[in-house]
Amino acid sequence: MHLFDPLQLRDVALRNRIVVSPMCQYSAVDGCANDWHLVHWTQLLQSGAGMFMIEATAVTAEGRITYGCHGLYDDACERALATTLARARAQAPATPVALQLAHAGRKASSQVPWDGGALITVADGGWQPVAPSALAHSPGEPPPRALDESGIDAIRAAFVRAAERADRAGIDALELHMAHGYLLHEFLSPLSNHRKDRYGGDREGRMRLPLEIFDAVRAAWPAGKPLGARLSAVDWVDGGITLEDSIELARRLVARGCDWIDASSGGVSPTQRIPLGPGYQVAFAREIRRATGAVTMAVGLITDPHQAETVVATGDADMVALARALLWDPRWPWHAAAALGATVPIPAQYWRSAPREAAKAIANLKIGQR
Ligand SMILES: Cc1cc2nc3c(=O)[nH]c(=O)nc-3n(C[C@H](O)[C@H](O)[C@H](O)COP(=O)(O)O)c2cc1C
């Protein structure tokens, strides 16, 4: 198995194992995509990656991290997604497009990162975040409102409605965001879930809502379209989620038809200590894949083509997701194909760009003029 081998996920064919990791752009207005997204999506659809994943997309307006977060909670958002995506796709080689469905939970109502990222209180023009328990993310912050069962039911229904909207807008695959300290991760982690009802308590109770949402979305999402999940494999805090917990969750998800496990980590507590380094989360993808047979996606400081090739070739993961490296160099897959002796589709307008030694990386290359 190699980085540039194809991969079939239900009816969706990936030309290679490189995935554009979901990346918030904080540039939507009222949840709606606009010209920023048109440029950003087109650029990454031209990258040659096997699949492009649209940023964390809120299933309710209150589930946005910031006022600039992309949403899929009303007709205007759905229309903006459908038209912007169609325009981006028309300028790029055919590439499957996934979208990450999310609810920010207690991390909602934040400033955008370039304004500092702090919680905006209701008094300062923010909104009231919701969570499994009334526990603040950071000391000194006002706590979120704990969801009651009718609030939980409404959020489950919102995930389903957003999935239906994504289907109509032309999205090929969905990923449920169960990581990074957002709502579904907050239910999974004993650090943020102190509920006494059936949605809290032991691991079984804490997994209940994420699994219910998986089942509800799977039932509403076309059978031929894949549905994956991003997990925080560990919380990096004593008393938090362990890899064993995540292996059990992955096992349950796979049994329900989950098409990939995207193995990330952290985000639920400011006291986390993350040992950052090249490929620092790859071992989570490997262990989850070994223990459960899940198709896995490795992510986190994968920056070098040979490093990415090794992750796939050794069977640590079936796919690699890149975020920052693809913003820095949106043509990373072109350059990786050249380095590894593979090919990628490159828009014909750019065929003459390749240095002589890299020309073999361009699929179907032919240049003529007189
Ligand atoms: C600008 C930016 C926005 C991000 N937004 C999201 C997001 O919407 N959903 C998500 O799960 N992770 C998000 N992440 C995390 C990335 O998807 C990825 O997991 C992380 O950056 C580690 O991969 P990297 O080392 O290749 O950047 C974001 C990262 C960056 C840099």
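Modeller: A charge sits over a ring if NZ of Lys or CZ of Arg is within 6 Å of the ring centre and within 35 degrees of the ring normal. By that criterion, the charged end of Lys-107 is placed over the ring of Tyr-182, 4.9 Å from the ring centre. Arg-64 likewise lies over the face of Trp-127, with 5.5 Å to the centre of that ring.

The model is a predicted one, in which local features need pLDDT of at least 70 and side-chain atom pairs count only at pLDDT 80 or more, while totals for chains, interfaces and linings use all residues. Residues are numbered from 1 along each chain as its sequence is written, and side-chain values use heavy atoms, with hydrogens and water left out.

Ser-109 has a phi near 60°, a positive value in a residue other than glycine. Its relative accessibility is 0%, so Ser-109 counts as buried (buried means under 20% relative accessible area, exposed over 50%, and partly exposed in between, with a 1.4 Å probe and protein chains only). Ser-110 is buried as well, at 12%. Its C-alpha lies 5.0 Å from that of Thr-66, although 44 residues separate Ser-110 and Thr-66 in sequence.

Aromatic rings come next. Rings of Phe, Tyr and Trp (its six-membered ring) pair if their centres lie within 6.5 Å; planes under 30 degrees apart count as stacked, over 60 as edge-to-face and the rest as tilted. This rule gives four aromatic pairs. One of them joins Tyr-26 and Trp-114 edge-to-face, with 5.7 Å between centres and 85° between planes. Because Tyr-26 lies in the loop between strand S3 (18–20) and helix H1 (35–45) and Trp-114 in the loop between strand S5 (97–102) and strand S6 (130–131), the pair ties together parts that are 88 residues apart in sequence. Trp-114 is exposed, at 59% relative accessible area, whereas Tyr-26 is partly exposed at 21%. Tyr-26 also has a positive phi, near 55°, in a residue other than glycine.

Ser-21 has a side-chain N or O atom 2.8 Å from a ligand oxygen. For Pro-22, a backbone N or O atom lies 2.9 Å from an oxygen atom of the ligand. His-177 places a side-chain N or O atom 3.1 Å from a ligand oxygen. Taken alone, the ligand exposes 600 Å², and the protein buries 83% of that (areas by the Shrake-Rupley method with a 1.4 Å probe; for residues, only the protein chains shown count as cover).

Definitions and conventions:
Helices (H or I, at least four residues) and strands (E, at least two) are DSSP runs, numbered from the N terminus. A polar contact is a pair of N or O atoms within 3.5 Å; within protein, one must be able to donate a hydrogen and the other to accept it, and residues adjacent in sequence count only if both atoms are side-chain atoms.
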